[in-house]
Amino acid sequence: LKAAAQQAADGQAADGQASPVVSTKTPSASEGYLGFAWKQIIDKYFELYNNGKEPSAGNRNTLTFELSQALAPLVDYNADRLLAIVPRYDSLPEQEWRTTVTNALQKRWKTMPRRTSEVMKALKNEELNNSLGGTALLPPEMPKKLPPALKLLTSKVPKPYKACVAEGVFPALAAHLHDVKFRYIDNTEREATLMALLIAPMSTGKSSVNVPINKVMADIVERDNISREREMEWKRKNPSSKSKARDPRPEDICIQVLTSDLTNAAFNQRMFDADRNGHRYLFLKTDELDSMRNVTSQRSIQQLSVVVRNAFDNAEHGQERVGADSVTGKAPLRFNFHTSSTPNVAKALLKNSSIDGTLSRLSVSSIEKQQTTGDIPKYGIYDDKFDADLKPFIDLLNRANGFIECQQLNALIEQLVVESKDIALQYDSEGYELLSRRACVIAFCKGMVLYILNGCRWSKDIGDYVRWSLRYDLWCKMKYFGAIFEAELDKENKSLREGMVSLYDLLPDTFTIDDYRRVRVLQGKSADGMATLRQWRHRSQIEYDSIGNVYVKTKRRAA
């Protein structure tokens, strides 16, 4: 192997090209890079850049050359090591294969090649998913034993939909709570604000959540119908008129379930009524994320983002108007919702809201095609027995009041926060660490709802579900938004560096050219930068010491 590689290298040198380095020892092809086997790296490379297909006659030379160029930096441009790991595809003649591989060593990259970086990033994300109990294609599996309320609510749907239904009913369940507060592990007061987004391809069963949510909300809808009739009667008796005084609007009107087409005034009126009548929650169920924009007069994702952020923190929300009949004022926003979207639409709509806190405040679930069989799903019947079995759980939520604490859940969340930071550190993912902060709060709120549904008694199945729910939520966020989120963070970090850090100030008073280039790379710049050095010398900001081969700062500082 060594002799053949040397022969190919000698042939290239004769043509006036630099010969690759050839070591005296050929390592085993089973070795890998950063813990990933070479076969994993190569398989992932062709998955990303050749639709998962290995090179074959017609493209085997080109693809072998490109693969060799991508792998060369990982073996320090060592011919023996590269020949030991690059396969010989589709009976490519051996000498032709060796020449192709060693020819790839002539290209020396100043930084890691883009394709190589993408492959390693994909493998890192895949391993991250595996560490959470899932895989690159499938999320972590939901616990087999569920808390009783969730067991009932998922009992009528096929297995592929149980996870999204279990996660999807939480906003509706939490909407029954009023005047109920919890204390999070950082000692802040929280309420059960839960906003869910289900992401799945077309025709994969997103509607499976509809009936369970409708069943949960049935008692609130019944109360709302009475309030709607009273509101219509008041409007009929009090038409808008500048000359005639109107009767006061009844203060005990409270409509919690919203329609999907609202003005700011209508939304704020519902919010004021819900706050005045027991600090209750508004609730909305839409089939499409895009239609969520209709909860504001502006009909924009940016305005919806403001609503989501205010709702998560129960911040004051409202409007100021001067008209006598205008809705004016502010109140804490309590707003839970469930909506759905296809992956591409969700990414497009939330791309600009990925790092402003909107995404991190959502509970995300999915339905993966790999989990479905393609057969017509068979649902159970939601009969009177189902309603009767559900009623005791709803009654527990309606009766809950005041400050509720669960020490076991707090201890679990403390542990999950630490675990999430460790995972983010292990995989060097700033995005995962940032998303995990509010994901832990969301998991905590779900745990408190389950605690109330269980008669304020702790059980192991509640803990198991909370742990899984956190990992599932983060798995879905990283799958659909991870790349977007990390890219936006990189832009933001680069902007901060450019606006706040002086390259001149980062260097020591005496520095070498290698020091200078290292600092430039750390600041996201190219390693060269010789023009900048010449400018500093021209302005007498540095001097060159030819004896010590170093640059020395002068008293004059960079502007």
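Strand β5 (residues 195–199) runs parallel to β10 and pairs with it over four bridges, where two strands count as paired if DSSP finds at least two bridges between them. Helices (H or I, at least four residues) and strands (E, at least two) are DSSP runs, numbered from the N terminus. This is a predicted model, in which local features need pLDDT of at least 70 and side-chain atom pairs count only at pLDDT 80 or more, while totals for chains, interfaces and linings use all residues. Residues are numbered from 1 along each chain as its sequence is written, and side-chain values use heavy atoms, with hydrogens and water left out.

**The protein chain as a whole**

- You will find 20 helices and 14 strands in the protein chain.
- Of the 559 residues in the protein chain, 48% are buried; buried means under 20% relative accessible area, exposed over 50%, and partly exposed in between (1.4 Å probe, protein chains only).
- Taking contacts in the protein chain between residues at least 6 apart in sequence, 75% join residues at least 24 apart; contact means heavy atoms within 4.5 Å.

**The parallel sheet**

- The pairing of β5 with β10 belongs to an open sheet of four strands, ordered β6-β9-β5-β10, with parallel pairing.
- The edges are held by β6 (282–285) and β10 (363–366); each has a single partner strand, so one side of each is left without a neighbour in the sheet.
- From one strand to the next, the twist averages 15°; angles run from 0 to 180 degrees between N-to-C directions, and axes are lines fitted to C-alpha atoms, for helices over the stretch in contact.

**A buried lysine**

- K477 is part of helix α17 (residues 460–500).
- With a relative accessibility of 0%, K477 counts as buried.
- Apart from its neighbours within four places in sequence, K477 is in contact with L359, S360, L362, V364, L435, A439, I442 and G482.

**Two helix pairs**

- Two packed helices are described by the angle between their axes and the distance between the axes.
- Helix α14 (residues 384–399) packs against helix α16 (residues 430–453) at an angle of about 110°, and their axes are 8 Å apart.
- The two helices α14 and α16 are therefore roughly perpendicular to each other; angles under 35 degrees count as roughly parallel, over 145 as roughly antiparallel, 65 to 115 as roughly perpendicular and the rest as oblique.
- The crossing of α14 and α16 is right-handed; a crossing is right-handed if the near helix is turned clockwise from the far one by less than a right angle, and left-handed if anticlockwise.
- F393, L396 and L397 of α14 make this contact with V449, I452 and L453 of α16.
- Sorted by class, the contact of α14 with α16 has six nonpolar, no polar and no charged residues; Ala, Val, Leu, Ile, Met, Phe, Trp, Tyr, Cys and Pro count as nonpolar, Asp, Glu, Lys and Arg as charged, and the others, Gly among them, as polar.
- Helix α2 (residues 38–49) and helix α3 (residues 60–71) have axes 11 Å apart and pack at an angle of about 125°, which makes α2 oblique to α3.
- α2 and α3 also cross in the right-handed sense.
- On the α2 side, I41, I42, Y45 and F46 meet L63, E66, L67, A70 and L71 in α3, a contact with eight nonpolar, no polar and one charged residues.

**The antiparallel sheet and its surroundings**

- Three strands form an open sheet in the order β12-β14-β13, and their pairing is antiparallel.
- β12 (510–511) and β13 (542–545) are the edge strands, each pairing on one side only.
- β12 and strand β14 (residues 550–553) run antiparallel and are joined by two bridges; T510 stands opposite V552 in β14.
- Helix α20 (residues 530–538) packs on this sheet and touches β12, β13 and β14, with its direction at about 105° to that of β13.
- D515 lies in helix α19 (residues 513–522) and, at 23% relative accessibility, counts as partly exposed.
- The C-alpha atoms of D515 and V550 are separated by 9.7 Å, with the two residues 35 apart along the chain.
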